[in-house]
Amino acid sequence: MKSKNILLLSLLMTLMYPAVGFSYEKIKCAGITQKWGSNSVQMRASGTGFPSGVWRNALTESIDLWNQNPSKFKFTLSYNEPGVGKGNFQNEIWWTSSLSAPAVAYYWYTCLTGHLVEADVVFRTTTPYHYTHNKKTLSGYGGGSRSFQTVAVHELGHALGLKHVSYTYNAMGSDSTHMHANGSTAYAYPGEDASHGAVALYGNDNATNDVAIAHWRWTGFSGEYSTHARTRVFNSSGSLLPSFTDAGEPRYRVNKGQQVRLEMSYENLGSGCKSTPVKYYISTNDLITTWDRHIGTGNVSVCRNTVYTTSNTTLTIPNDLTSGANYHLGAIIDPDNAIAETNEANNSSYVGIRIN
Ligand SMILES: [Zn+2]
């Protein structure tokens, strides 16, 4: 979403924008990184916009998602803020009908001393937001609603000190296609590169372990925003297999006994690099668990950098599947739970297939 930077203390008219890079983008002024002077920053939710209930819960979830990041930075969130507005040295979150974008983060900084001094997040009331985790309701999965949490995670990324990213799979790019999904549910998350940016700004807490898998990948950019599409299925020589859209999601046509390569994005959302097995499965539904039929094992090494999207393991479609039936290829990172993770619920995901 849009972000607006307003120079509070400096009259410098020439802003130095960071060069396009291969990772997170910090907020800069005159070449100086602008960040909070403290690792704990309070956000204040409007009393009228976020009364006790579903929207407050969704906002709290979005704050908590950021607070799982491997940097030392943490948000706190208070409720029932009575008077909200721009330029009052308080970080506030509210709704309005008068925005040209679904949401905006406004931030103010000192420029020469390199400090953020206020960040407000505003959501547009007329955007068809939903707080649900039911993926079929959400636009990334064929539904008509915009995930409130993906937008909130994106705007809170601005409030933390991050700008838009175009060059890797990123919540600071197209947020509605940056989700973790397994089974019927999909969840927002800051992702590897934005977490890396938080560590670059505020230091590593050296205490967070979290590896993850996503069936989204970077495809390019639209303006400042990275664009994403679903991960794919290839044959053993790397040619894309035929697919069709089935209820808002891709489904690939495969033969019994065929060798295929399942593309997935593997992320490290934690403090240090990890090398871990990945197990691959055939499932009769889109919920991938270790109870599903195991068809292969690979390995990935992931650090916090550009998201690692690969189809590096060849799998064989079993011969005894039912012709014409739908299945899902699944992958689970750290399948034996060797890593004690901050979030154990983001280790599995899927791509749909139909047996020819
Ligand atoms: Zn934005």
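Close-up 1. E13 and E20 are joined by four bridges in the antiparallel sense; two strands count as paired if DSSP finds at least two bridges between them. Helices (H or I, at least four residues) and strands (E, at least two) are DSSP runs numbered from the N terminus. The model is predicted: local features need pLDDT of at least 70 and side-chain atom pairs pLDDT 80 or more, while totals for chains, interfaces and linings use all residues. Residues are numbered from 1 along each chain as its sequence is written, and side-chain values use heavy atoms, with hydrogens and water left out. Ala-214 has Ser-265 in E20 as its bridge partner. The open sheet has three strands in the order E13-E20-E23, with antiparallel pairing. Its edge strands are E13 (211–214) and E23 (308–310), each of which pairs on one side only. From one strand to the next the twist averages 25°.

**Close-up 2. Strand E19 and its pairing with E16 and E24.** E19 (residues 259–262) pairs with E16 (residues 233–235) in the antiparallel sense over three bridges. Three bridges also join E19 to E24 (residues 314–316), and these two strands run antiparallel. Val-260 is the bridge partner of Asn-235, and Val-260 also stands opposite Leu-315 in E24. The covered face of E19 holds Val-260 and Leu-262, whereas Gln-259 and Arg-261 are on the uncovered one.

**Close-up 3. The packing of helices H1 and H2.** H1 (residues 54–67) and H2 (residues 148–160) pack at an angle of about 50°, and their axes are 9 Å apart. Axes are lines fitted to C-alpha atoms, for helices over the stretch in contact, and angles run from 0 to 180 degrees between N-to-C directions. H1 and H2 are therefore oblique to each other; angles under 35 degrees count as roughly parallel, over 145 as roughly antiparallel, 65 to 115 as roughly perpendicular, and the rest as oblique. The crossing of H1 and H2 is right-handed, meaning that the near helix is turned clockwise from the far one by less than a right angle. On the H1 side the contact (heavy atoms within 4.5 Å) includes Trp-55, Ala-58, Leu-59 and Trp-66. Among the H2 residues they meet are Phe-148, Ala-152, Val-153 and Leu-156. The residues of this contact divide into 11 nonpolar, three polar and one charged. Ala, Val, Leu, Ile, Met, Phe, Trp, Tyr, Cys and Pro count as nonpolar, Asp, Glu, Lys and Arg as charged, and the others, Gly among them, as polar.

Close-up 4. In H3 (residues 192–202), 10 of the 11 residues are buried, that is, under 20% relative accessible area, with exposed over 50% and partly exposed in between (1.4 Å probe, protein chains only). The buried residues include Glu-192, Asp-193, His-196 and Tyr-202. Among the elements that cover them are E3 (32–33), H1, E8 (116–124), H2 and E20 (264–268). Just after H3, Gly-203 has a positive phi of about 90°.

Close-up 5. Thr-110 lies in the loop between E7 (103–109) and E8 and counts as buried because its relative accessibility is 9%. Thr-110 and Gln-34 are 76 residues apart in sequence, with 7.8 Å between their C-alpha atoms. Pro-335 is in the loop between E25 (326–333) and E26 (348–355); with 10% relative accessibility, Pro-335 counts as buried. Beyond its neighbours within four places in sequence, Pro-335 is in contact with Pro-277, Val-278, Lys-279, Tyr-281 and Thr-290.
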